[in-house]
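Please examine the sequence and the three-dimensional structure shown here.

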Amino acid sequence: MYTCNKDRIQNKIETFATFGDAGNGGITRFSLSDEALQARAEFVKRMKAVGVETVTDDMANMYATLPGTEPGLPRIVMASHCDSVRNGGNYDGILGVISAMEVVETIAIEKIPHRHPITAMIWTNEEGSLYPPAMMSSGVVCGKFLKDKILASKSPEGKTFGEALEQSGYAGDEANRLNPNDYMAMLELHIEQGPVLEAEKKEIGVVVGVLGMVNYRIRTYGQSDHAGTTPMAYRRDALLAAASALKYLHTELDKLDSNLVYTTGNIICHPNIHTVIPDHVDFSLDARHQNPEVIKQVVEVIKNMPKEFDKCEVKYQEAWARKTVNFNEELVGLVQKSADAFGYTSKKMYSGAGHDAQYVADMIPTTMIFVPSKDGHSHCELEFTSVEECWRGINVLLQTVLEVDKK
Ligand SMILES: [Zn+2]
């Protein structure tokens, strides 16, 4: 069996870590920023070094394709993203790009026989850090978002994504977009971004899908009054009510399936002044589970919540939701077979985070491979996966590509 090259992998990790180095062992590399353009240039350079040209589509997604021996066959594509959140790490997204490059390099350098063209790809603006939403370009290519609406997306400084795209010099031809005629499968290697593989001492995550989720806004309505002159018994404190509502929701949600995860990560308190009793609080509730029935139970808990806490009215509204995405079973099976062939320990699992692969899964057969994240850290500078762990994952990616190539 073929394996990839550890030194080359390490060299790529170290090199890409310099583009947007934020000085604390991590990076800030927003999509289409100068730092991201450096990373793109490095991708083009390294692909060219093994004789592979890179083209871009109209969303600046990048495609470097190594031809196969049989003309006219559809491509096998490996893809991820090279942009990051603010003060992010050196592995989220970029490891998938490095893996795709490493597989193309290995196949080209070792002259591994293959029939289909094999493509290493970069999706533009997966994080949506500067220009929301996340998974923007896969969303456009896979028909989830309208391009015109996306081009108008503004950074906090007021620059549009369309302007950034134009200035980047990477906007290419719409005809180059990933499509179901020219592509037969997409594989994305990614760090787990959670603690499970490490805790269970598994080397490879065989990803079977992306968890469905709902996101609600819960609002409480009280009365603003003076913090010094209003006795406690006379108050209608919207923040106290929000705390009570949150406590109630935790108690009820904890009675549901133990794999359910839920979070309140955003809270708006009005008027947010230390001398004024809050009259209005609005907080998020994000809940994720692979089984739509459990998600339904979450919604029931929210709907059956008391209409009033601490003399304050409580209302709720769904902000958005996504269905569980199940990846292509045949591809999942090939990832499992490849991991087994190397003798790596593995675990079938769902992704709790969103990825470009979940949109692509609606268009062509798609799946993902996870490698462990040290202490589960991600979207921060502490992100870490050892070269050895990356190497195992990339070997599985290479072997899976070669298995798909037999089809
Ligand atoms: Zn990512």
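The model is predicted: local features require pLDDT of at least 70 and side-chain atom pairs pLDDT 80 or more, while totals for chains, interfaces and linings use all residues. Residue numbers start from 1 along each chain as its sequence is written.

Helix α2 spans residues 34-49; helices are DSSP runs of H or I with at least four residues, strands are E runs of at least two, and both are numbered from the N terminus. From first to last C-alpha, the 16 residues of α2 reach 23 Å, close to the expected 22 Å, where the expectation is 1.5 Å times one less than the number of residues.

Within α2, E35, A36, A39, R40, F43, R46 and M47 are buried (20 or more other C-beta atoms within 10 Å of the residue's own; exposed means 12 or fewer, partly exposed in between, with C-beta atoms placed from the backbone). Viewed down the helix axis, the buried residues of α2 fall within an arc of 145°, so they line one face; the arc is taken over directions from the axis to the C-beta atoms. On the other side of α2, exposed residues include D34, K45 and K48.

The largest nonpolar core comprises 109 residues, defined as buried Ala, Val, Leu, Ile, Met, Phe, Trp, Tyr and Cys residues joined through C-beta atoms within 7 Å. Helix α3 gives the most to this core, with nine residues. Domain 1 (6-210 + 324-405) and domain 2 (212-322) both contribute residues, so the core lies between them; these bounds come from an automatic or database domain assignment.
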